Amino acid sequence: MRILQVSAELFPLLKTGGLADIAGALPLALMAAGQDARVLLPGFPAIVAGVREQAPVAEFNAPWGERFTLRRGHVAVSGTPGIPAYVIDAPALYDRPGNPYEDTARQPYGDNHRRFALLGWAAAQLARGLDPSWQPEVVHAHDWHAALAPAYLHFAQQAGAPRVGSVFTVHNLAYQGLFAPWNFADVGLPGPAFQMNGVEYHGQLSFMKGGLCYADRLTTVSPTYALEIQTPEQGCGLDGLLRQRSGVLTGILNAVDDQVWNPATDPALVQGYHTPEGRHMAGKARCKSVLQHQLGLAERPDVPLFILVSRLTEQKGLHLVLDGLDALLAQGGQLALLGSGEGWLEEAFRQRAAAAPQSVSVTIGYSETLAHQLFGAGDVTLVPSLFEPCGLTQMYGLKYGSLPLVRRVGGLADTVVDSTLEDLASGDATGFVFDRFDVAGYERAVRRAFALYQRAPDWRRVRGHAMRRPADWGTAAAQYIDVYRQALG
Ligand code: ADP
Ligand code: GLC
C-alpha cells in the first residue's frame, strides 16, 4: 500500500513532544512490514536542513493564491534506506524563530490557520497527482496540524476526484486548532464545510473537526483514551461527535522505537545494560552515580532517584510532584527533572532545586541526551498526569528499568501494572499506579515505591519484568495497516 504520513514534527529532525517520536517511528515500522510509506512535512528550518538530497517535485497554489514548491528527499536513519519525505518549501510561512507553533514569546503565530492548512492542502494535492511518480492510496494525518487533509479529500471526492482513503489520528484532543471564523475564507474548503457536522465549532473554525468529521477512519494512541474521549469529562467538547463516530474509532497503543530507546545500545549512556531476568545491570548503577555527580546530587547508590522528563503543562499533573516533594525528600529520595513550559512551573521547580541542591536537580530546557541519561540513571519515572492520550516517558521508564509511577488514566492505565500484592506475586507488576488526582493518592504511590525499593530482590524482579514490557512497533504497525485497509475498503 502507498501510505502518506502527514505530521508537523518528526524525530530526529524536529520534536516538541511525543508526536515527533511516533511520526518518526511509524513510517519505518510500516516499511519494515513491506508497505510503501512516505512522509509530508512543513518546511520548518530544522526539517529543510535535515531532509537529504532534496529535489523540486512541483509547484502548487495555496488556497489563498500564494505559490509554493514541493520538494522530495529522504530522512536518513542509520541501518535503513531512510524515510522518503516531501517538504513544503514555504520560508515565508515556516522559517521563523520560536517553536513550530509559537513565537519566542510563546504566542501562537497569527497566521497558523494558513501555515497548517497548507500542510493538509499539500497532502490533498499529492493525493491528486502532484507528484506524477507516486500517489498515495491512503493519507494518514496526525493531530490538528494535519487535520484538514481528510476534509480536502472528502470534498475533492465529492467533486469527482478518485477515491483515496483517509485516516486521522488524535494524539491529544486538548489541542484543537481553533481559529476565528473569518479565517475559513482562506483555507479553501467549500461553504457547506462550515457547519456543525463539519469544521464549525461554536462559531469558530476547528481544524480538529476536519479530521474527526471527514476521515474514513479515526484512531487515537491508546485503547483507554479512545473510550475516555467519548465521555463529557474528557471529550473536550467533542465527545458527542466521537460517540457518533465510535464505529470507525480505534485505540492503537504507541510503541517504543528500539533503535532510539534501548539501554543496551544507547550512546548517551556511560555504560549500557540489559536484562534477561534483571541481570547485567551494573551499567545502570554506573549511569546513576555518574548522573548524580553531573547534576550535583549526593552520590548515593542506596537512595531511589525519581526522574521526570516532561513538557511543564497542566496536563502533566506536576503540582502533585511539587506538593508531594517534601514527603519524597523526607523519605530520603532524590528528584531530577528535565522540562520546559509554563513559567510558573519552571520557577516553582527552580526554587525547590535551589533550596535542596543535593536532593533536587532541575534542568529547564530541552535535551535529548540528558533525557536518555535520566532514564538510564533513574529508579522511578514520574508521570502523574491529569490526562494522557498515551504517554511515552512511562514506556521509556519501563524499558530502562526506571519504574513508572503513574496515574491510572489514558495510555498510562494501558501500559503500567501496579505493584499490588497480587501482581507482585503473579510477576505482572511493572510500576506504581494511583487513581485519584490528588496529593494523597500520589503520595501513597510514592510510599509504595519506597517500600518496594527497601526489598531489593522484589525490586529487581519487578524491574526485570518492566524492562521486557514495552510494546514493539511491529504490533502497532500491523494494527495501522488493518485500519488503512478499512479506510480503503
Ligand atoms: P507529550 O507528547 O504529551 O509531551 P509524551 O510522553 O508522549 O508526552 O512524549 C514526550 C516526549 O518528549 C518524550 O520523548 C520525552 O522524552 C520528550 N521530552 C519532553 N520534554 C523534554 C525535554 N525537556 N527534553 C528532552 N526531551 C523531552
Ligand atoms: C501527545 C500526547 C501523549 C502521546 C503523544 C504521542 O502529545 O500528549 O500522551 O504519547 O501525543 O502519541
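Predicted model: local features only at pLDDT ≥ 70, side-chain atom pairs only at ≥ 80, totals over all residues.

Colleague: Okay, which residues come nearest to ligand 1?

Modeller: There are 20 residues around ligand 1, and Lys15, Gly18, Asp21, Arg311 and Gly365 come nearest.

Colleague: What does aspartate 21 do with its side chain there?

Modeller: One of its polar side-chain atoms sits 2.7 Å from an oxygen atom of ligand 1. Backbone atoms take part too: an N or O atom in the backbone of leucine 392 is 2.8 Å from an oxygen atom of ligand 1. For threonine 393, a polar backbone atom is 3.5 Å from an oxygen atom of that ligand.

Colleague: And how much of ligand 1 does the protein cover?

Modeller: On its own, ligand 1 has 570 Å² of accessible area, and the protein covers 93% of that. The elements giving two or more residues to its shell are α1, β13, β14 and α15 (393-399).

Colleague: Which one gives the largest share?

Modeller: That's β13, with 3 residues.

Colleague: Switching to ligand 2. Which residues come nearest there?

Modeller: Ligand 2 has 14 residues around it, and the nearest are His171, Asn254, Glu388, Cys390 and Gly391.

Colleague: How far is histidine 171 from an oxygen atom of ligand 2?

Modeller: The distance is 2.6 Å, taken from a polar atom of the histidine 171 side chain. Asparagine 254 also has a polar side-chain atom by a ligand 2 oxygen, at 2.9 Å. Then there's glutamine 315, with a side-chain N or O atom 3.1 Å from an oxygen atom of ligand 2.

Colleague: How much of ligand 2 gets buried?

Modeller: The protein buries 93% of the 310 Å² that ligand 2 exposes when taken alone.

Colleague: Which element gives the most to that shell?

Modeller: Helix α1 (residues 18-32) does, with 3 residues. By class, you get 6 nonpolar, 6 polar and 2 charged residues around ligand 2. As for domains, domain 1 (2-255 + 473-488) and domain 2 (282-468) each supply at least three residues to the shell around ligand 2.

Colleague: Which strands is β13 joined to?

Modeller: One is strand β14 (residues 334-341), which runs parallel to β13 and is joined to it by 8 bridges. In that pair, leucine 308 stands opposite leucine 337. Another is strand β16 (residues 380-383), also parallel to β13, with 2 bridges between them. There, phenylalanine 306 stands opposite valine 380.

Colleague: Last one: where is aspartate 379?

Modeller: It's in the loop between α14 (368-377) and β16.

Colleague: Buried or exposed?

Modeller: Aspartate 379 counts as buried, because its relative accessibility is 5% and the cut-off for buried is under 20%. A polar atom of the aspartate 379 side chain also lies 2.8 Å from the backbone nitrogen of leucine 305.

Colleague: Great, thanks!

Notes: Residues numbered from 1 in each chain as written. Chains lettered and ligands numbered in written order. Heavy atoms only, no water. Near = heavy atom within 4 Å. Polar contact = N/O pair within 3.5 Å; in protein donor to acceptor, adjacent residues only side chain to side chain. Areas by Shrake-Rupley, 256 points an atom, 1.4 Å probe, with all protein chains shown as cover. Helix = DSSP H or I, 4+ residues; strand = E, 2+ residues; numbered from the N terminus. Nonpolar A, V, L, I, M, F, W, Y, C, P; charged D, E, K, R; others polar. Domains from an automatic or database assignment. Pairing = 2+ DSSP bridges. Buried < 20%, exposed > 50% of the residue type's maximum accessible area, 1.4 Å probe, protein only.
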